There are 2 protein chains.
Amino acid sequence: MTPSGPKDLSGQRFSVRYHLTGTETAAQATAASICREQTVEVPDEVIPLGPIREQIVGRLEAFHRVASGAFEATISFAAETAGTEFTQLLNVIFGNISLQPGIRVARVDVPASGFSWLKGPRFGRKGIRTRLAVPDRPLLCTAVKPMGLSAKELADLAYQFALGGIDIIKDDHGLADQPFCLFEERVTRCAEAVARANRETGRHCLYAPNVTGPAGVSIQRALFAKQAGAGGLLISPGLTGWDTMRQLAEDERLVLPVIMHPALLGSFATDPHSGLSHYTLFGQLPRLAGADACIFPTYGSRFYFSRDDCRSIAEGANDEFGAYRRTFPTPGGGLTFERLPELIEFYGPDVILLIGGALRQYGPDLVANCQQFHRCVSRTPAVKAG
Amino acid sequence: MTPSGPKDLSGQRFSVRYHLTGTETAAQATAASICREQTVEVPDEVIPLGPIREQIVGRLEAFHRVASGAFEATISFAAETAGTEFTQLLNVIFGNISLQPGIRVARVDVPASGFSWLKGPRFGRKGIRTRLAVPDRPLLCTAVKPMGLSAKELADLAYQFALGGIDIIKDDHGLADQPFCLFEERVTRCAEAVARANRETGRHCLYAPNVTGPAGVSIQRALFAKQAGAGGLLISPGLTGWDTMRQLAEDERLVLPVIMHPALLGSFATDPHSGLSHYTLFGQLPRLAGADACIFPTYGSRFYFSRDDCRSIAEGANDEFGAYRRTFPTPGGGLTFERLPELIEFYGPDVILLIGGALRQYGPDLVANCQQFHRCVSRTPAVKAG
């Protein structure tokens, strides 16, 4: 085997902490196999000598026991293995080994200033607060729905929500471009309705239409939405691919806050011994891919997330992570007014609280319901400056 | 609640068979909640009377016990809920409920002629066989790798593989556009090398470069590849989003066979009580999204798939499914010459056999190794006509 491989690698590396299930011997073998599987994907004896063997193959940096039958392996990869593409970064982190049991990504560690080619959230928490002119309380979010209403009916809802003091009104993530409610008409009408309410209230409520769509179409929808007066964008990267979200976040023609919806991503976190940790899936990846806020189902909702899962998501959104801005945790999936004090205590005041369908259950006067939502939240302690 | 909703729905519906874990009472409650969760996503009392309640909300068509503590619920959805977009179709099938435990998509049932807006595989098995002029034996596939080799070194490998009689040479799915091996140079050189070998052998080996890339970039890479003489395209929809694969399959400027790689998709199938069945994930969805062949790790490989998993994938690729063409099952992940007779008996001769790194382990003469691969396969019974 003659030496082969690139002679000009930078030496910069990123690393991934994998949690491995099994005996120590098995976990060590798995760690060694990950180093090859995620890079060269050939048997050891076929790996050329030189830079490929020494730098391209993943490198086991640390290995220790974290619980009975569970081990953490920290594996580093040459920055160049991911090129300058989020698709390939995901592939190196978890592409092939998603097909193997007993391997879970616990955490991704990026270079100190992040990846030069990946900008992350453009707004982050401070940027969204500045746009809304709400410096310190939890933010209020709701959705226009259900699917099947006309654009005009949805716009009427949006108007009432904005009048009642909601900060962020998003499309339901199931509103796409169905024949009974076409994207362009819906966005035009809803943006107009929210702008009208803002003129009446003096507030800065933003409307975030769902731009999830076919390949090449999400960016076109986002550009249309911007022209129509949308104040943000909602996207489900599980449906479009993560990189479409990055594209929206980075496009200089848009410059709009990006709100991520978790549709179709749940399977990555279902099995506690495989997939991606809640920390990485809803904390770190959204930041890498440019989300300013990430929706997830809170504990105690109709979904199964535990308190630990949710704490972990909030930490992933908040912890130091390269130079990436912090993303707003946006718990939803079954909030009620009664639970707001508890949830604000749990997540802290630097949070977006999403009440969807439940907001309609408090009576027919939606403006009054929103005002009540507002009062529940405004009684809570403010975010500390800094 | 006043009646509301679209008055002109077609009445056409598609349906999904969900496997639900739990007691019968719990499973029935879950089935009822799926009907709302995947469509209107509001509590029952908020659903307007009329077409939304009667047609937009999912409809439980059948419910029966399939095993102890396991039930199958067949739920139908109005065709219009998915609009004419694969992203939204995925969302209706499994978007929000991916976040709930104990729900697994067993199978998708489409209208008799499929969806008018979704063409499926352009080539299918027959189309690929026609392109290769190989009517009836198992097809041979391998990959150029490892990551870290230069474009010239990879092209040298491709040349030897093609000389040795490989039918389909794909890029390793980890070859993207890294600085040490840029996409355009690699594709140009490899396509040229395979064309040169074809002139010498008289065969029709096709080279399928990996066009997995950032949003909007995969289609550009595919167009470049076509110009450069590529005979097919490799894509990982788990990395790009499924709809990017559909885009490649449908683009009239391309007209190239599409080979799907399963990177990052494994988490959907890991937990047998959640996610997507192997039948749907690697059998049905690839066909809906236009793959002519779908790679997956065979049983007995370094991945965990069982014989039943693999049989189910092969059935999903082969069963009647709307008017969609049949996709080639493409088992890989650890094939050896010794296992070929067994695998051909298991999958049948209408299969693409992918031997990657192992092909290098039989000795330094790669042409001879490929010829040996060819001999192992050519001794097997042919595909029956029809």
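In the predicted model, Asp44(B) is partly exposed, at a relative accessible area of 38%. Its side chain meets that of Arg53(B) in a salt bridge, with an N to O distance of 3.4 Å. Arg53(B) is likewise partly exposed, with a relative accessible area of 31%. This pair belongs to a total of 42 salt bridges found over all chains.

A second salt bridge in chain B joins the side chains of Asp167(B) and Arg137(B), at 2.8 Å from N to O. The pair connects distant parts of the chain, 30 residues apart. Asp167(B) lies in the loop between α5 (151–163) and β6 (168–171) of chain B. Arg137(B) lies in the loop between α4 (124–132) and β5 (139–144) of chain B. Asp167(B) is buried, with a relative accessible area of 4%. Arg137(B) also counts as buried, because its relative accessibility is 13% and the cut-off for burial is under 20%.

Arg311(B) pairs with Asp308(B), and their closest N and O atoms are 3.1 Å apart. Both residues belong to helix α11 (residues 307–318) of chain B. They are three residues apart and therefore separated by about one helical turn. An α-helix has 3.6 residues a turn, so residues three or four places apart point the same way. Arg311(B) is partly exposed, with a relative accessible area of 36%. Asp308(B) is exposed, at 55%.

Salt bridges also link residues of chains A and B. Glu37(A), Glu41(A), Lys145(B) and Arg302(B) are joined in a network of such bridges.

In chain A, four strands form an open sheet in the order β7-β6-β5-β13, with parallel pairing. The edge strands are β7 (206–208) and β13 (352–354) of chain A, each of which pairs on one side only. From one strand to the next, the twist averages 25 degrees. Strands of a sheet pair through backbone hydrogen bonds, either parallel or antiparallel. Within this sheet, β5 (residues 139–144) and β6 (residues 168–171) of chain A pair in the parallel sense over four bridges. Ala143(A) stands opposite Lys170(A) in β6(A).

Two helices that pack on the sheet were examined. Helix α6 (residues 183–201) of chain A touches β6 and β7 of chain A. Its direction makes about 165 degrees with that of β7(A). Helix α13 (residues 366–378) of chain A touches β5 and β13 of chain A. The direction of α13 makes about 155 degrees with that of β5(A).

Helix α6(A) was followed along its length. The helix has 19 residues and reaches 27 Å from its first C-alpha to its last. This is close to the 27 Å expected at 1.5 Å a residue. The buried residues of α6(A) are Phe183(A), Arg186(A), Val187(A), Cys190(A), Ala191(A), Ala193(A), Val194(A), Ala197(A) and Asn198(A). These residues cover an arc of only 160 degrees around the axis, so they lie on the same side of α6(A). They pack against β6 and β7 of chain A, and also against α5 (151–163) and α7 (217–228) of chain A. Just after α6(A), Gly202(A) adopts a positive phi of about 80 degrees.

Definitions and conventions:
Residues are numbered from 1 along each chain as its sequence is written. Chains are lettered from A and ligands numbered from 1 in the order in which they are written. This is a predicted model: local features need pLDDT of at least 70, side-chain atom pairs count only at pLDDT 80 or more; totals for chains, interfaces and linings use all residues. Side-chain values use heavy atoms; hydrogens and water are left out. Two strands pair if DSSP finds at least two bridges between them. Axes are lines fitted to C-alpha atoms, for helices over the stretch in contact, and angles run from 0 to 180 degrees between N-to-C directions. Contact means heavy atoms within 4.5 Å. A salt bridge is a side-chain nitrogen of Lys or Arg within 4 Å of a carboxyl oxygen of Asp or Glu. Buried means under 20% relative accessible area, exposed over 50%, partly exposed in between (1.4 Å probe, protein chains only). The expected span of a helix is 1.5 Å times one less than its number of residues. The arc is that of the directions from the helix axis to the C-beta atoms.
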